Amino acid sequence: MTHLQAAEIEDEMDGDTLHEECGVFGILGHPDAATLTALGLHALQHRGQEAAGIVTFDGKQFYTEKRMGLVGDHYTDPAILAKLPGTISIGHTRYSTTGEVALRNVQPLFAELEVGGIAIAHNGNFTNGLTLRRQIIATGAICQSTSDTEVVLHLIARSRHTSTADRFIDAIRQMEGGYSMVAMTRTKLIAARDPTGIRPLVMGELDGKPIFCSETCALDIIGAKFVRDVENGEVIICEIQPDGSIEIDARKPAKPQAERLCLFEYVYFARPDSVVGGRNVYVARKNMGINLAKESPVEADVVVPVPDGGTPAAIGYAQASGIPFELGIIRNHYVGRTFIEPTQQIRAFGVKLKHSANRAMIEGKRVVLVDDSIVRGTTSLKIVQMIRDAGATEVHVRVASPMIFYPDFYGIDTPNAEKLLANQYNDIKAMANYIGADSLEFLTIDGLYRSVGGEDRNNARPQFTDHYFTGDYPTRLLDKNGETAGLKLSVLASNG
């Protein structure tokens, strides 16, 4: 199968979902650093399935292992973990939004600098990354990857500060966008979160050793204690002292701003058992279903979730409406990248490789089909048809988030605006006709805010990052609107 053919069928099966860019994990001073990092990345696998990497330091030198594919496919091998000795480790699991899918882009990225070696991994996207890349290349820099993280390494190398911590802070002061980041040197583990707090990052502790990771579920898997969220605009430097103790220095180098966490962490990205911004994700999603039932009731016989993302909201919808909840769609959890030639016949049943209708719960019934979001609508169309083919007399689609009108520039891989379903039709009735539903309704923006934060949206000072629904971007979009708008990166093709 050619790369083009593979891309075509993947677009058919996966092009109607949103993808996060990645998850990060770091631990300092623990004898099982690499193993704990691998376990943490396994818990964060939902944030990126394309590749994973781990870097360690054993007091003498740095070690790195980078692999394409899932964490469990590689880092459960004792032989691979044996190649990662040391008590300091950071790791990264990736879905690419910036940069091609190639081994050279797999993080953490490492560089040997004047002040010593440093490895960096980040989650999110820099909205001025291309602008800065263009500036440093103009001064003679050589870039080997298409990752934003490499730009940070160059800025650290160019900083005139003497310590790596100060150089790191100097570098991120120049970066704009939404990000959480971990870095490691020979003695330090550094964590940073963007001034707006768009991307999440938490601090934990295991056996007295500090941990940083994207979500609390990565702490749970290793039995670590949650300490606190890394605050927006905060840089935390943890350093091993000569006597083996660890000194922690928390700084706020950025101008104070109100935190605006990404709402899609609650709608879609974070694991349901994680706590993001002090809020349990499962509870927030269930609240979305409760509010959706209040805003958009319908007479029906059964509430069916689109698994797995729509399940908590469907439970909330069923409880609030009094309509029975049933698993009317069964998901196949063992579907990876397809190996089948993408003929037209295969495309026709592509969605069934991941979902199949549970006819006994659907036949002869009026179905409320609950999903977490709709992007292009192509998957919704196929699932609605699948429900009808299983004998449903009516299919009413209810979406536990507002309509998506705008693309993202902070680490979410969104289609171009014109490909979003909300921008292709003038009204909801036309959208419903397209996906084949008897009715279609979305949760309102205030309903979503109440589900997550308990109050309506403050239009003057929004509490969350919600531009995909409202067009209200929380930062400048320098690469999109400046001189580098439309700039393409040209790098050597790679099979790695």
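## Confidence in the model

Residues 1-14 keep a pLDDT under 50, and the model gives this stretch 26 contacts beyond four places in sequence. The structure is a predicted model.

## The parallel sheet

An open sheet is built from four strands in the order β16-β19-β20-β21, with parallel pairing. Its edge strands are β16 and β21 (439-442), each of which pairs on one side only. From one strand to the next, the twist averages 20°.

Strand β20 (residues 394-399) pairs with β21 in the parallel sense over four bridges. Within this pairing, Val399 has Phe442 of β21 as its bridge partner. Helix α10 packs on the sheet and touches β16, β19 (366-371) and β20. The direction of α10 makes about 165° with that of β16. Helix α12 (residues 378-389) also packs on the sheet, where it touches β19 and β20. The direction of α12 makes about 150° with that of β20.

Helix α14 covers residues 445-453, and its buried residues are Gly447, Leu448, Tyr449, Ser451 and Val452. The elements that cover these buried residues include α8 (264-269), β15 (279-280), α9 (281-295) and α15 (467-470). Just after α14 comes Gly454, which takes a positive phi of about 85°.

Arg450 is partly exposed, with a relative accessible area of 34%. The side chain of Arg450 meets that of Glu295 in a salt bridge, at 3.3 Å from N to O. Because Glu295 lies in helix α9 and Arg450 in helix α14, the pair ties together parts that are 155 residues apart in sequence. Glu295 is partly exposed, at 28% relative accessibility.

## Other salt bridges

The count of salt bridges comes to 25. One of them joins Arg366 and Glu299, whose closest N and O atoms are 3.9 Å apart. This pair links distant parts of the chain, with Arg366 in strand β19 and Glu299 in the loop between α9 and β16, 67 residues apart. Arg366 is partly exposed at 25% relative accessibility, whereas Glu299 is exposed at 63% relative accessible area.

Arg359 and Glu363 form a salt bridge through their side chains, at 3.7 Å from N to O. Arg359 is partly exposed, with a relative accessible area of 40%, and Glu363 is partly exposed at 48% relative accessibility. A network of salt bridges links Arg47, Arg199, Glu215 and Glu265.

## Backbone exceptions

Most residues other than glycine have a negative phi, and most peptide bonds are trans. Two cis peptide bonds and one positive phi are described here. The bond between Gln107 and Pro108 is cis, with omega about 5°. Pro108 sits in the loop between β4 (88-94) and β5 (109-113). A cis peptide bond also joins Pro307 and Asp308, with omega about -5°. Asp308 is found in the loop between β16 (302-305) and α10 (311-321).

Asp207, a residue other than glycine, has a positive phi near 55°. Its place is the loop between β9 (202-206) and β10 (209-213). Asp207 is exposed, with a relative accessible area of 57%.

How values were computed:
Residues are numbered from 1 along each chain as its sequence is written. This is a predicted model: local features need pLDDT of at least 70, side-chain atom pairs count only at pLDDT 80 or more; totals for chains, interfaces and linings use all residues. Side-chain values use heavy atoms; hydrogens and water are left out. Buried means under 20% relative accessible area, exposed over 50%, partly exposed in between (1.4 Å probe, protein chains only). Helices (H or I, at least four residues) and strands (E, at least two) are DSSP runs, numbered from the N terminus. Contact means heavy atoms within 4.5 Å. pLDDT is the predictor's confidence in each residue, from 0 to 100. Two strands pair if DSSP finds at least two bridges between them. Axes are lines fitted to C-alpha atoms, for helices over the stretch in contact, and angles run from 0 to 180 degrees between N-to-C directions. A salt bridge is a side-chain nitrogen of Lys or Arg within 4 Å of a carboxyl oxygen of Asp or Glu.
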